[in-house]
Amino acid sequence: MTGLVGGTFNPPHYGHLALAHAAKERFDLDDLAILVAVHPGHKEVQLDADTRLRLAQAAFPDYDVELDPYERTVDMLEAGRWRDPVFIVGADAFSEFLTWKEPDAVLELARLGVATRPGYPRERLEPVLQRLARPERVEFFEIEPVPISSRDIRDHVARSEPIDGLVPPAVAELIQSLGLYRHRPGYTSAQPERI
């Protein structure tokens, strides 16, 4: 069984690693694929896909890391080579699942593993489940929260603050050597994308 973890990984951090490791244990996965979105349909990303791929490869040296050229999850799954995969998302992403392109088709093509934090309000998730044709294809699992966001890390780097303990050392070295996130003209902070 293969688990799929998609994202922009801009940059990848210990929250992403915790999600991947927890999913691998919870679903007893044979393989885990890290899918770096080339053109994410839900957010703007200034960093090119190849650089984000390098960052993800540095963060996940033990997993299959590849580019995902599809804007929407359902298109990636329809073109995918995985048989009955488990697509791993966080609870915040699942609370928006009904806004995804063809959510019921996503569940026909993959089971959904939804990581929740202790104390996460179930009332945000139940209305989504109730509107799905195959709610039994959704499985929740709890992970300890890792209070890090990619935006926080980009902010730290832009302010020349250390990011030790936020990202794996290989990711920090790559950010440093490539001079990433140093200066972002016109940058304004918004809601962080937390795992």
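Which strands does α1 lie across? Select α1 (14-26) and look: the helix lies across β1, β2, β4, β5 (111-116) and β6, and runs at about 115° to β6. Axes here are lines fitted to C-alpha atoms, for helices over the stretch in contact, and angles run from 0 to 180 degrees between N-to-C directions. Helices (H or I, at least four residues) and strands (E, at least two) are DSSP runs, numbered from the N terminus.

Before moving on, note that this is a predicted model, where local features need pLDDT of at least 70, side-chain atom pairs count only at pLDDT 80 or more, and totals for chains, interfaces and linings use all residues. Residues are numbered from 1 along each chain as its sequence is written, and side-chain values use heavy atoms, with hydrogens and water left out.

**Stop 1: the sheet**

Colour the strands. Six of them form an open sheet, in the order β3-β2-β1-β4-β5-β6, with parallel pairing. Two strands pair if DSSP finds at least two bridges between them. Go to the edges: β3 and β6 (138-142) each have a single partner strand, so one side of each is left without a neighbour in the sheet. Neighbouring strands are turned by 30° against each other on average, direction ignored.

Now zoom in on β1 and β4 (residues 86-90). Three bridges join these parallel strands. Pick V5; its bridge partner in β4 is I88.

**Stop 2: helix α2**

Select residues 49-59, which make up α2. This helix packs on the sheet, touching β2 and β3, and its direction makes about 165° with that of β3. Its buried residues are A49, T51, R52, L53, L55, A56 and A59. Buried means under 20% relative accessible area, exposed over 50%, and partly exposed in between (1.4 Å probe, protein chains only). What covers them? The cover includes α1, β2 (31-37), β3 (64-68) and α8 (169-178). Contact means heavy atoms within 4.5 Å.

Show the side chain of D48. This residue caps the N-terminal end of α2, with a side-chain oxygen 3.2 Å from the backbone nitrogen of D50.

**Stop 3: aromatic rings**

The structure holds seven aromatic pairs. Rings of Phe, Tyr and Trp (its six-membered ring) pair if their centres lie within 6.5 Å; planes under 30 degrees apart count as stacked, over 60 as edge-to-face and the rest as tilted.

Select F9 and F60. Their centres are 6.0 Å apart and their planes at 80°, so the pair is edge-to-face. The two residues are 51 apart in the chain: F9 is in the loop between β1 (2-7) and α1, F60 in the loop between α2 and β3. F9 is buried at 1% relative accessibility, and F60 is buried at 2%.

Next, take F97 and W100. This pair is edge-to-face too, with centres 4.8 Å apart and planes at 70°. F97 is buried at 0%, while W100 is partly exposed at 21%.

**Stop 4: backbone details**

Most residues other than glycine have a negative phi, and most peptide bonds are trans. Select N10 and P11: the peptide bond between them is cis, with omega near 0°. P11 lies in the loop between β1 and α1. Then find D28, whose phi is positive, near 50°. D28 is exposed, at 62% relative accessibility.

Key. A polar contact is a pair of N or O atoms within 3.5 Å; within protein, one must be able to donate a hydrogen and the other to accept it, and residues adjacent in sequence count only if both atoms are side-chain atoms.
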